[in-house]
Amino acid sequence: MVEKSDRAPLLDWEEVHPAEKPVPTPEQEKDVKGPSPANSRALGCTAPGIGWSTSPGGPGSFTSAVSSIDTSLSSRSTVPTPAEWDAQCLDKDDHTSAPGQGEVPHDIMVKWEEKDPIVAVFVVTFDTRSGNMLEWCLPGDMNLEGVEFKAMASGSHRVSSDFIYFRKGGYFGLACFANMAVESVVERGARMKSVGILSTSYTLLYRYMSFLEHQVRLQLKTPGQYSPLEAFFEDKRSVLPLDGESVVTACPGSACGAALNHCMHPEMKITHPAGCMSQFIQFFGEQIMVLWKLALLRRRILIFSPPPVGVVCYRVYCCCCLANVSVPGVGVAVPEFRPFFYVNVADIDTLDTELSYVACTTEKIFEEKRDLYDVYVDNQNVRTTRESLKPLLRLNAADREKYRKLTEQRQMLLYSQEENGDCVSSEEDHFILFFLEQNNRIFQTLSEVAGSPEPILTQESVRAMGLDPHGDRLFLLHLLETYGYDSLLVTDHPCCS
């Protein structure tokens, strides 16, 4: 029997002893609205339209019915067992949520489908003679050259476990690494492996974190047991649509964000990439405003940190969130701010051709490759060798005021959650929306000034953007150049106009 993960119950693709499998009653077998028998290993219980996996313990285990069982979940210290999840999912058919209880509009729900096909699954091992090696993969003809260095970060031998997000060509990957002591002279006392997947998107990879963590431990203890990985790959490749039909690939923020956060179990939030936004801002403090400007300017940002690298990959994700803009037409001609997540020396040629990106690495050699990045982040130290960008690293009055408002709003939100039992409002959504609204405010003002008879940015218009007319003058000039507002003029002394 395969041991269960210590973080979550076994998922649908993992091996379970027959005695542990819940035996459904005839009535349950009749009432279950699940996958067809031909696809019996598919995701266990899926909410109508939303399509998020409800595989027990998966971080993305959200359904429109979960709100009805949220109270019972919040009082528990562990994630429900597979049998309990099955019972809760079956029970949802007998209950109808009342209006105003965090429902997702039906017209949005019917469009919300899983659009995150898994294109490959693999196992990477460390060989004392040959180094990192690709041990096994599906499909067999997939070009996975170099993935053995992405899925097992340089320096990983110093940690017992880790997880790594990365890019491989046009795909995104997530791998879980583990290091186990063994009594083997050949392996020099340690066995190290990573189990990973490749997908067309990075936004939903976190759903498979628990599964990959369990599988890498299984590979360490009983190498060569690939049947759960084979079943997983067949499930995800067949269940998720591979055609080009138009579906919602990201949950519309205001429409269903509250509903999903309302039913998010605390343990699930830990492995969700967005679940680290508050820690990200606390880690950098006021420096978050410097990173915000550099991200908005689409600069090449490289973050260095020794292993473990998982939390640093989340910082890459958070950096991308700082640059969100939803004003129509903005950024069409601007290089996409692309998350590369973990990179190593094998990515040097690729990064050399990128105009805009944010990535992280554990290899100190990158610090000397100054032509590959515009900004280098080491711990909380943000620095650049670009003379034109150095003034942007200094905080001004407007930066500190925005950070003050951000922290004040956060405290108010935490107070509301504690005093009023507000479990709908999300601290993470609050941070993301704070920067989205700030960015929209800037570009909305720029668009209005550009369309006016006198396209001149004055002190009033600069302040309307939430910027410091004097301290943000250089940032504003960079912004106009980056986004192509060539017709706008900035007064020579906007602080005095």
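View 1. The side chain of Asp162 gets to within polar-contact range of the backbone nitrogen of Gly310, at 3.0 Å. (A polar contact is a pair of N or O atoms within 3.5 Å; within protein, one must be able to donate a hydrogen and the other to accept it, and residues adjacent in sequence count only if both atoms are side-chain atoms.) This is a predicted model, where local features need pLDDT of at least 70, side-chain atom pairs count only at pLDDT 80 or more, and totals for chains, interfaces and linings use all residues. Residues are numbered from 1 along each chain as its sequence is written, and side-chain values use heavy atoms, with hydrogens and water left out.

**View 2. Around Asp162.** You'll find Asp162 in strand β3, residues 161-168 (strands are DSSP runs of E, at least two residues, and helices are runs of H or I, at least four, numbered from the N terminus). With a relative accessible area of 8%, Asp162 is buried (under 20%; exposed is over 50%, partly exposed in between, with a 1.4 Å probe and protein chains only). Leaving out residues up to four places away in sequence, Asp162 touches Ala175, Cys176, Phe177, Pro308, Val309 and Gly310 (contact means heavy atoms within 4.5 Å).

**View 3. Val186 in its loop.** Val186 sits between β4 (171-181) and β5 (190-199). At 56% relative accessible area, Val186 is exposed. Thr128 is 58 residues away from Val186 in sequence, yet their C-alpha atoms are 7.5 Å apart in space.

**View 4. Where α11 meets α15.** On the α11 side, Ile288, Met289, Trp292 and Leu296 meet Phe435, Gln438, Asn439, Ile442 and Phe443 of α15.
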